[in-house]
Amino acid sequence: MSSDHNDISIELPENFDLELSDRFVLIILLETDGLSYVLYQPEVQGSFFYKKLIYNKKISVEANVKEIFFTAEIFTLSYKKLWVISHSQAFTFIPSYIFTKDKKDIFFNFNIDKTAGRVMYSQLKNPDITVVYDIDENVYDFLHRSLVHPVFIHHTCPLIAYFQERMTLGSAKSMVINLRENSFELICFTNGEFAFANHFQYKDLNDLVYYIFYVWKQLKMNQMTDNAYISGDSGEKDKLLKMMKNYIKNIVPVTAPVKNIPFDILILSLCEL
C-alpha cells in the first residue's frame, strides 16, 4: 500500500545552533518539483549548507510545504535574513518609473496569459525594473504566517542583479545562459544595460540550442564581437559549451564558488537587493 507522505529528512549543518539562529541567513527556494533550503553564516567563508526536498506528487504543493515545515523547527526560527525565492514561470518586467503596487495585477494580467495566483513583485535598483510574478495563494499565506519576517523575491532577481554589476556601459551585447536540469534562463544586456530575460523548458541539447540561437538572432547579436556567459549546473553544460564554441567567438563559462548549489541561491548572498 502506497503512502501519501514523504520520507522527509531535514538535515542541518554541524555548526548550527537553534538558539543562535539569528547569526544565520536562511534561503528557501520554491521550485515546481520541490523545496530547497540553504543555511549559512555571512561572516564564515564556505559555510553554505544546502538541501533539496522533492515533493510528493500525490498531494498538493501546499500540503507538501506544510508537511516539510511541520517536520522541522528551523523554519519557525528568527534569522539574520530570511529569503523566499519563488521559481514562478509566469513573470514580466516593468520599468520601475511606471510601476505602482496597486496596479501590479493589471500589469501581470496584461502580459501573462494565465490565471494568476497571488500576484507579487520584486524591485531591483540596478537595473531599475520591477519583476511582477505570481505564487500559489495558499502557499504564500502559509509561508507568510509561519516564517519570521520573510522577504519574497523572484528567482530572476539575483541573476539579473549579479550580471548587471559585471556589465560595462557601451560594451558589446551579452547573453547569460543560466542552466538548470530541464530548464534555463536567458538574460541579455545591450550596451551594458538590461534588455531581455526569459525562462525556458528543454528536453535535450537540441532544444537548448534552438532557444538560445533563436533569441540571439532576434536580438541581432554578433557571433564575432558579442559575448555569451554560461552559468548554472546541468548535465548539458559541458556539451553546450563545446558546441557553442564552434559558432560564437566570445564564450565565458561562469564557475560557481560552491558546487552543487543552485547558482541563483549562491549569488543572492553577493547581491544587494
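Trainee: Why does Asp33 count as partly exposed?

Mentor: Good place to start, bearing in mind that this is a predicted model. Asp33 has 35% relative accessibility, and partly exposed covers what lies between under 20% for buried and over 50% for exposed, so Asp33 is partly exposed.

Trainee: And what makes Asp33 and Lys52 a salt bridge?

Mentor: Their side chains meet at 3.1 Å, N to O. The cut-off is within 4 Å, so the pair qualifies. Asp33 sits in the loop between strand S1 (25-30) and strand S2 (34-40) and Lys52 in strand S3, so the bridge ties together parts that are 19 residues apart in sequence. Glu31 joins Asp33 and Lys52 in a network of salt bridges.

Trainee: Why is Glu43 called exposed, and which class does Lys80 fall into?

Mentor: Glu43 has 55% relative accessibility; exposed means over 50%, so Glu43 is exposed. Lys80, with a relative accessible area of 46%, is partly exposed. The side chains of these two meet in a salt bridge at 2.5 Å, N to O.

Trainee: How do you know that Asp105 and Lys104 form a salt bridge?

Mentor: Their closest N and O atoms are 3.7 Å apart, and the limit is within 4 Å, so this pair counts too. In total, the structure holds eleven salt bridges.

Trainee: What lines the largest pocket, by class?

Mentor: Five nonpolar, nine polar and six charged residues. The pocket holds about 440 Å³ of space, and the lining residues closest to its centre are Glu31, Lys52, Arg180, Glu181 and Pro262.

Key:
Residues are numbered from 1 along each chain as its sequence is written. This is a predicted model: local features need pLDDT of at least 70, side-chain atom pairs count only at pLDDT 80 or more; totals for chains, interfaces and linings use all residues. Side-chain values use heavy atoms; hydrogens and water are left out. On a 1 Å grid over the protein atoms alone, a cavity is a set of points where a 1.4 Å probe fits but cannot get out, and a pocket is an open set with protein on both sides within 12 Å along at least five of seven lines; lining residues have an atom within 4 Å of a point. Grid points are joined across faces, edges and corners, and a volume is the space filled by probe spheres set on the points. Ala, Val, Leu, Ile, Met, Phe, Trp, Tyr, Cys and Pro count as nonpolar, Asp, Glu, Lys and Arg as charged, and the others, Gly among them, as polar. Helices (H or I, at least four residues) and strands (E, at least two) are DSSP runs, numbered from the N terminus. Buried means under 20% relative accessible area, exposed over 50%, partly exposed in between (1.4 Å probe, protein chains only).
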